Structure formats: C-alpha cells, structure tokens
Amino acid sequence: MPSWFDIIIRSFVFLALLFFMTKILGKKQISELSFFEYVSGITIGSIAGEAITGLEKNIFQGMTAIIIFSLATLFADILALKSKSFRDFIEGRGTVFIKDGKVLEENLKKEKYSIDELSALLRQKDIYRVADVEFAVLEPRGTLSALLKKENRPLTPKDLQMKVPIEKEPQTVIMDGNILDEALRSAGKSRGWLETELEKLQLTLDNVFIGQVDSYGELTVDIYDDKIQVPSPTQRPLLLASLKKAQADLEIFSLETEDEASKAMYMKNAKLLQETIDKLTPYLTS
Amino acid sequence: MTIAASVKQCLANMKGIEAQLSSLALNSNDKGAQEVFHTTMETIASVKKDLQTRVLELERLEPQYKG
C-alpha cells in the first residue's frame, strides 16, 4: 500500500472519529468553557495529527488515545454536574479583578496579569476608564466579564419606567421560496393566510427569499429582485393615527353642539378614546 | 360639510378602527396583546354605539340631512 493512500485512509478515519467524538461531547467541548475541555481539545487534535501522518505507527494506538481523552472529558463533565467541589477543581473558578470599583492588585498578581493586560481586556469590551467598572471577573477560560456602574450602563425602558409590550420571536415561514410548515404552525397561521398576505404584497411565493411573521402577525419579506420595493407593514401606525383623528373629531363635536346631553356624550367618549389611545400606543408604535 | 355628515364620517372611521383592532386581536401571538386589542375593541364598540344613536337623533332633528 503506497504511503499516500495510507494517509488518505487515515485522514478519513480520524475525521469521522473526531466528528463523532465531538458530537458525543456536545457543544460544551466546542466552546471550551472549562480548563479540562481546553486541554483535551488541544491534545485530541495533536494526537489526530500525529496519528494521521506518523505512518510508522499503528493507527489503532492513536484512535485509542483519542477515545480515552474524549471519554475522560465526558466523564469529567458528568461528574462536574453532580458535585460542586469537583466542578470548582476541574473547571476552575473566576478570579475577581475589580470589586466595588476598586482593582484588586493581589488577585491580578495571583493570575499574573499586568494592569496593561487588564486594561486591554477592558478595552475589548469598549471600556476605557477603569473607574467606570463596578465589578470585573476573569473567567476560567481567560475572558473578562465586566459590570459597569449603574450610571454608565446603557439606558433601558425599565430605567425610564416605560411600559413595553411583550414581543415573541419572529418565525421564519418562507425560506428560498419554500413554505416552512412547522414555523407557520408555531406562528399560529395557515398556508391560506400566508397566500393572502403575499397577494396583498403582490408577490408570488417563488419570488420570496425570506419571509418572517412577527408577534403581531405581520409578514415582512425579502425578495430576490432587489430593485422592487416591498412596502413595509403600516397597519398599526395608521390605526393609531385614525384613532387620534377620531378622538379629535369627538372633541370638536362636543364644542360645536349646543345640546347639553350630546355635549356630555361627546366629552365622555372623547375621554374614553384618549384612554384607549394611551393603552394602545405601546402596541401600535415600534 | 354639515355636522350630520361629519358625525357620520366619524362613525365610519370608528367602524374601521373596530375591524382593524379585531383583526389584530386575532393575528397577535401574545396573550397580553390579544387581550389589550380585545378590550379596546369593546371600548370602541361602545363609542360607536353612542355615535350611532346621535346620528339617528340628528337625522330626526334635521330630516334634510338624511341619507
């Protein structure tokens, strides 16, 4: 057997083996969250490389080593789920670098990080002033997580005490001109509904590259022909506008009429409409 | 435009709003949104009823604007 043929066979065998081992270990191995996974990831790769090109060696030796390393990682993962102390030992714990806005020099020294490296890590998170940070911790995998002081955090609707409606994730119902029935079902819509919506937009199904339904049941599409402008949904903002118009009309009627009973009726309903507008505004904007 | 005509127009507007709220209540996925659309639709329906009585009254008072 020529050596190049041997390499081809070994490459495919190890490719398949590595693929299945990573499948067994799951996403956790790929993200290399813990120290153990980091080490086993590197080692498995090296063993595979060595075994593929080291033709003088037996292929099964390399395979055994890879399987052992994978199973050990799997075993460590399962044990780590069961026991907290084992988890701390295997996966390591984060080291607090900044607490209460103060840099803990002792911990920096313990992890052998200089202040330059700490500020470089902070800059990767778009933080340029150490004084802005309330709390920062070095994760076991060497990334830095930082919590800004409250006044430096981005403003959220909660800070403004705004009421925001709950918005469900949009469902992708059309992909490459094909209807995805499962997504359509979880959006609570039927094929008939989708066809009507497409007709409203004057589109055919095979023109649509991607179509999504949001939590208000509005369909947004991207079509293959980028020169055609597809109207964006305007139903809700228009509804808000006509509500406002009706409210203003009622106020005008109440001013114009001379009949006391109707004046009161118009006033009452104008107020009711104003309350309705206030209630609906979060749902009709955005 | 006479008062009767503009009240009628407003009534038509309310009918449209009610229908749109009803369709939004049916099409929304979120329970909370559905409820808000539904209750506001009922409010609009009551306003619409008041306007309808007023239109009838106006027609009775000023028969020339009937239609």
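Leaving aside neighbours within four places in sequence, with which residues is A:Ser145 in contact? The partners are A:Lys125, A:Phe135, A:Ala136, A:Val137 and A:Glu139. This briefing concerns a predicted model and covers chain A, with 11 helices and eight strands, and chain B, with two helices and zero strands. The overall form of each chain comes first, followed by selected residues.

**Chain A: overall form**

- Chain A contains 11 helices and eight strands. Its radius of gyration is 31 Å, well over the 19 Å that the globule rule gives for 286 residues, so chain A is more spread out than a compact globule.
- The C-alpha trace of chain A extends over about 105 × 55 × 40 Å along its principal axes.
- The domain assignment divides chain A into domain 1 (3-89), domain 2 (95-152), domain 3 (171-233) and domain 4 (236-284).
- Between the C-alpha centres of domain 1 of chain A and domain 4 of chain A, the separation is 69 Å.
- Of the 286 residues in chain A, 33% are buried.
- Among the contacts in chain A with a separation of 6 or more, 52% are made by residues 24 or more positions apart.

**Chain A: surface and charge**

- Chain A has an accessible surface of about 18400 Å², and carbon and sulfur atoms contribute 61% of that surface.
- The charged side chains of chain A number 36 positive and 42 negative, and 7 Å separates the centres of the two sets.

**Chain B: overall form, surface and charge**

- Chain B has two helices and zero strands.
- The radius of gyration of chain B is 15 Å, whereas a compact globule of 67 residues would have a value near 11 Å.
- Buried residues account for 42% of the 67 residues in chain B.
- Of the contacts in chain B between residues at least 6 apart in sequence, 64% link residues at least 24 apart.
- About 3500 Å² of chain B is accessible surface, and 56% of this area belongs to carbon and sulfur atoms.

**Buried residues in helices of chain A**

- A:Thr73 is located in helix 4 (residues 59-82) of chain A. With a relative accessible area of 0%, A:Thr73 falls under the 20% cut-off and is therefore buried.
- Beyond its neighbours within four places in sequence, A:Thr73 contacts A:Leu25, A:Gln29, A:Phe36, A:Glu37 and A:Ser40.
- A:Leu243 belongs to helix 10 (residues 235-256) of chain A. This residue counts as buried because its relative accessibility is 0%.
- The contacts of A:Leu243, leaving aside neighbours within four places in sequence, involve both chains: A:Leu273, A:Ile277, A:Leu280 and A:Leu284 from chain A, together with B:Ile17 and B:Ile44 from chain B.
- A:Leu243 and A:Gln274 are 31 residues apart in sequence, and their C-alpha atoms are 8.7 Å apart in space.

**A partly exposed strand residue**

- A:Ser145 is part of strand 4 of chain A. At a relative accessible area of 26%, A:Ser145 is partly exposed.
- From A:Ser145 to A:Phe12 there are 133 residues in sequence and 40 Å in space, C-alpha to C-alpha.

- Most residues other than glycine have a negative phi. Two residues of chain A with a positive phi are described below.
- A:Asp100 is not a glycine, yet its phi is positive, at about 50°. A:Asp100 occupies the loop between strand 1 (95-99) and strand 2 (102-103) of chain A. Its relative accessible area of 56% is over the 50% cut-off, so A:Asp100 is exposed.
- A:Gln161, likewise not a glycine, has a positive phi of about 55°. The loop that holds A:Gln161 runs between strand 4 (144-148) and strand 5 (171-175) of chain A. A:Gln161 counts as exposed, with 73% relative accessibility.

Technical notes. Residues numbered from 1 in each chain as written. Chains lettered and ligands numbered in written order. Predicted model: local features only at pLDDT ≥ 70, side-chain atom pairs only at ≥ 80, totals over all residues. Heavy atoms only, no water. Helix = DSSP H or I, 4+ residues; strand = E, 2+ residues; numbered from the N terminus. Rg over C-alpha atoms; globule rule 2.2 N^0.38 Å. Buried < 20%, exposed > 50% of the residue type's maximum accessible area, 1.4 Å probe, protein only. Contact = heavy atoms within 4.5 Å. Areas by Shrake-Rupley, 256 points an atom, 1.4 Å probe, with all protein chains shown as cover. Domains from an automatic or database assignment. Lys, Arg positive; Asp, Glu negative; His and termini not counted. Charge placed at Lys NZ, Arg CZ, Asp CG, Glu CD.
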